[in-house]
Amino acid sequence: MENITEGASHRPYKFKELKVYASTEWLADNKKKYRQVFDRYEVSYIYAELSFHNKLFDEEDWDINIQLRCFSVDKGKRKQLCELTLNKKVSKYDHTVYLREGWGNKNEGSFWKKGTYYWEAWIDDRKEATKYFYIEDAGTPFTVESNPYLEMKSLRLYEGPFDDIPEEERNYYKQFSSEETRYVYGEFVFKNLNDSRKWQCELYAKFYNGARELKGQVVRLQNIKQDEDYITITAGWGSNVRSSWRPGSYSLELVFMDHLIAVIPFEVAEENEIGIPAVILPHKRKPVILAPDEDLSETFEDVLEQLDALVGLQEIKLRVRDHAQYIQFLQLRRERGFEESEDINIHSVFIGNPGTGKTTVAGMMGRIYKKMGLLSSGHVHEVDRVDLVGEYIGQTAPKVKEAIEKARGGVLFIDEAYALARTNDDTKDFGREVIEILMKEMSNGEGDLAIIAAGYPKEMHHFLNSNPGLKSRFKLIYDFQDFMPQELSEIAQYACERKGIKLTNAAKKKVDQLITEAFRRRDRSFGNARFVFDLIEKAKINLGLRIMKKNNVDELSLDKLRTVTALDIEKIDLNPIKFHPKIPIDKKLLETSLAELDHLIGMNPIKKEIRELVDLVTYYRSVGKSVLNTFNLHTVFIGNPGTGKTTVARILTKIYKALGILERGHMIETDRQGLVAGFVGQTALKTTERINEAMGGVLFIDEAYALTSGNHGNSADYGNEVVQTILKRMEDHRGAFFVFVAGYPDNMESFLKTNPGLRSRFDKVLRFDDYSVAELYQIAEKMLDENGYNLDGDAQQHLRQYLSFLYQYRDRYFGNARTIRTIVDQAVKNQNLRLANLPKEERANINMIVLEDIQEFETSTDQFVFNKNRIGFRSSDR
C-alpha cells in the first residue's frame, strides 16, 4: 500500500517516506535493505524508517513527538502489537531527518508469524503514513540452495515500450541493439512450491552496467493464489527514447527474500540477437539456459486425448468434443466463403460442486482453443470477486480491465462468479459493474479471450438470471456432476500414483468403503476429488508414522516404504469424536444467577422450569451421566414484546456457564440482518462466522421467524440457507454451543413448522405470558425506584387504573415492560418540567410523582385514532 500523507504548510517538516526493513546492515547513502515481504524463519525484528524534510533547516532547532504503531491484520480485524513513542530535538543542521525503531524478538522465527501487518507513523498526533508488510511461512527456512517458495522455470529478455507488450508480440534476445532498444524487460516464470496457501511474492529486478553501477531497480509485489501452479512476473528498465542504452555489458539480477537467486548477463551492441541468455545461479557452477516448458509438438487431438483420459466427466467430454467439432465446421464454412452473422462464442459457464474438475477442464479448454487458432496463448488466469470488485467508487473498472488484460490470449476463469450478483433489488453493489464490463468485453471487446464463470449450481442459475444479457453471452453451460463412488475409487488410485504409494487389496477395499460412506452422506460442500486426495494424504501420513516406529527403518525395502496397509486406513477417522471439557460447577456464579432470575417480576412457570433443569443437571453431573447426550438445551423463547425473553436468555446463559455446560458462557445476540448476506453464496459464510463467534456459548437469534417468513421477496431463500447452516452446525458440533431463538407466539409457531429439523433440535420451549396488571404496576414501581422516584397516593391509584385499562384493551403487539418504560420515562419528564416551572424555593418533594405528572394517561378509548392493532392498545370496536 502506498504511503498516505496530507500536507500542511504551517508544520516545520515535510513528510518524505515510511519504509520497512529487517536487516540492521548499513548501506551507502544512509540506506537499509528495504522490503515488504519477509520469511518467518529469518526475522527477529521488523523496523520502520520514518523520514522527513526539515523546513527549518539552517534556521533553528525544534522538538517533535513521534509515535510508530505496528498492527497485525486478520480477516479484516486489526490488532495493535506495539506503540513506540519518540521525542526528538531536530537539529537545524539536518536537512533530512531519519527515525528508525523496530519490534520483535532477538530469536529469529519466535515472534513474527505468517500474516499481514502494517506500520503507522504519527507526528504530533497526526497520522502521516501507513506501510504494509507481510510475513510468509513456507514450512521450512529459505536458503539459496533450498527455496521452499519458488522454482525457476524460465528467464528470458525482450525489448519494449514503457507500458510493456503482450506475450505473443515479444521477441526474446540475448543481445540488444543500442540504436533501437527502449526498455529491456525480463520475463520470469517460476513454479509455485508454496501452492497450499495464498502468499505475497516480492521480487527485486536490478539492472547493472559493466562497472557494477546500478542503472535501475524495479520491485514487483504480487499476490499469489492458492493452487496457482506457475507465477509469471515481468520487469523492465530504460527509456521510451531509443538509443538510451550505450554499447557494453550489462546484467539483470533477481533478489528474492534478500537473497540473490539469479543473474542474467546480456549485451548491448549494434544489432539485436535472438536467443535466450545463459543464467548464472548462485548454487550452480555453470551458467544454465532456462527456457519455458512448452511442448510445441502437441496437437489438437493430443489435448482431446488428455481430456478423455480424465476420470469420469463423460457428458462433459462429449459436449467439449461436439463443441470443438462445431467450431471446426464454422471455420470450414468461412474458409469456403460463407458469411457468418455471429462470431464464434467460446464463453461458457461451469456449474458444479467443489472438486468436480472445473479448473482442470478450463485449462484444457484454453489449450484446445489455442490449437484451433481462437486464442493466442491458451493460459488460464483465475480470479474471484475479491480480485474484481473494488472497495470504493472508481476502483472496480480498473481491476476488471487489469484482470481481462492479464487473461488476454487465454482464459479468464472466474471462480464463485455468483458472488458478483447480489439480490435483484441491490443497486449499490459494485459486482453489477463487473458484470456490465464483462458483458461489454464479450460483445465487442478486443477478442482473443474466453471467459469461464464457475460456481455452485443453484447460485450460478441465479447469476445467469441476474442480468438479461448474461444468458445471451454465456451460451455454453457445462454441468459438472459429482463423481460416482467407482470414479472416486479410480481417482484414489491416481492419487496414490501421484504421492508415490500403493494400496494393498485390503487397504483398497477399506478406502472404497470410506468413499462410499462419504458419498452417501455428501452435501453440496462435498469435496469430490479433493476429498479423495485428502484421504490418500492421510493414508500416507499413517504409513509414515507406522514405519518410523520400527527400529530398522534404514533396512526396509522400497516396497515397504510405499505400501499402505488396511491398518493405515483404519486409523483414518473422518468423523473424530469431539471431547468436551469437564468444568466443575461454579456454585457462586450459580447462586448469583438464580438470585438474578428470582429477582425478576412474574414469570413463575419459567422460573420453576429453569430451577428444575438446574436440579436435573446437578443430579446428572453428580452421578456421572452425560448432560449433553440427554438434553439438546437449544431453546425457543416465545412471547410478546417486553416480556423478558432477552433478559432470561442472558441469565440462562450464565446458569449454563455456572453448571459447566458451556465452555465460555458468552452470548452472541443477532437477528436476520446479522445472518443473511446481500449476495448469493455468502449467507452460509456470514452465518458460519456468527456461529464461530458463539462457540462455547449461546447464539441468540431475536425475531428468528423473519428468517423463513415470506416478506423478503427473492431473499427468502437466504433465510432458509441460514436455517440449514445452523441445523448442520448444531448436529456437527453437538454440545459445543447452544442456539436460543426468540419471537412472537404465532410467528414462532410458523417458524418451527417450516423445517422438520427445527422441532427436533429445539427440545425446550419457554413461553413468556403477558404481565398481569399487578405485575405491570410492580415493574413501574421498580423502574421509578431505580431512578429515585416514588408515587403519591393519587398517582398510585391513577396508574393502577390506567394499567388495568391498557391490559383490558391489549393486543398481540402490547409492549408489556417496554410500554411501562415509556410511561415511566414520560412521567419523570412531566415531573421535571413541572418542577422546572416553579420558583426554586417552592420546589418540594422533588422525588415524588404526583397525579398531575401522569394525568395525560387517560382511561378513554377516544385516544384510539386508528381502528387497527397498535402497540399497547386495542381498538374499541373489537
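User: What gives the most to the lining of the second largest pocket?

Analyst: β1 does, with 5 residues. This is a predicted model, where local features need pLDDT of at least 70, side-chain atom pairs count only at pLDDT 80 or more, and totals for chains, interfaces and linings use all residues. Residues are numbered from 1 along each chain as its sequence is written, and side-chain values use heavy atoms, with hydrogens and water left out.

User: What makes a space a pocket, and what makes a residue part of its lining?

Analyst: The search uses a 1 Å grid over the protein atoms alone. A pocket is an open set of points with protein on both sides within 12 Å along at least five of seven lines. A cavity is a set of points where a 1.4 Å probe fits but cannot get out. Lining residues have an atom within 4 Å of a point.

User: What is the volume of the second largest pocket, and which residues lie closest to its centre?

Analyst: The volume is about 1,100 Å³. That is the space filled by probe spheres set on the points, with grid points joined across faces, edges and corners. Of the 37 lining residues, the closest to the centre are Lys 19, Lys 32, Tyr 34, Tyr 204 and Gln 217. Elements giving two or more residues include β1 (13–21), β12 (199–209) and β13 (214–224).

User: How many cavities are there, and what lines the largest?

Analyst: The search finds 2 cavities of 30 Å³ or more. Helix α19 (residues 716–732) gives the most, with 4 residues.

User: What makes a stretch a helix or a strand, and how many are there?

Analyst: Both are DSSP runs, numbered from the N terminus: helices are H or I with at least four residues, strands E with at least two. By that rule the protein chain has 24 helices and 31 strands.

User: Why do β18 and β21 count as paired?

Analyst: Two strands pair if DSSP finds at least two bridges between them. Here 4 bridges join β18 (residues 348–352) to β21 (residues 450–455), so the pair qualifies. The strands run parallel. Ser 348 has Ile 452 in β21 as its bridge partner.

User: Why are β19 and β22 called edge strands?

Analyst: The open sheet of 5 strands has the order β19-β20-β21-β18-β22, with parallel pairing. β19 (380–383) and β22 (476–480) each have a single partner strand, so one side of each lacks a neighbour in the sheet.

User: How do you know that Cys 82 is in no disulfide?

Analyst: A disulfide is a pair of cysteine sulfur atoms within 2.5 Å. The whole structure has 0 disulfides.

User: Where is Asn 542, and what does it contact?

Analyst: Asn 542 is in helix α11 (residues 529–548). Its relative accessible area is 13%, so Asn 542 is buried. Leaving aside neighbours within four places in sequence, Asn 542 is in contact (heavy atoms within 4.5 Å) with Asp 568, Lys 571 and Ile 572.

Technical notes. Buried < 20%, exposed > 50% of the residue type's maximum accessible area, 1.4 Å probe, protein only.
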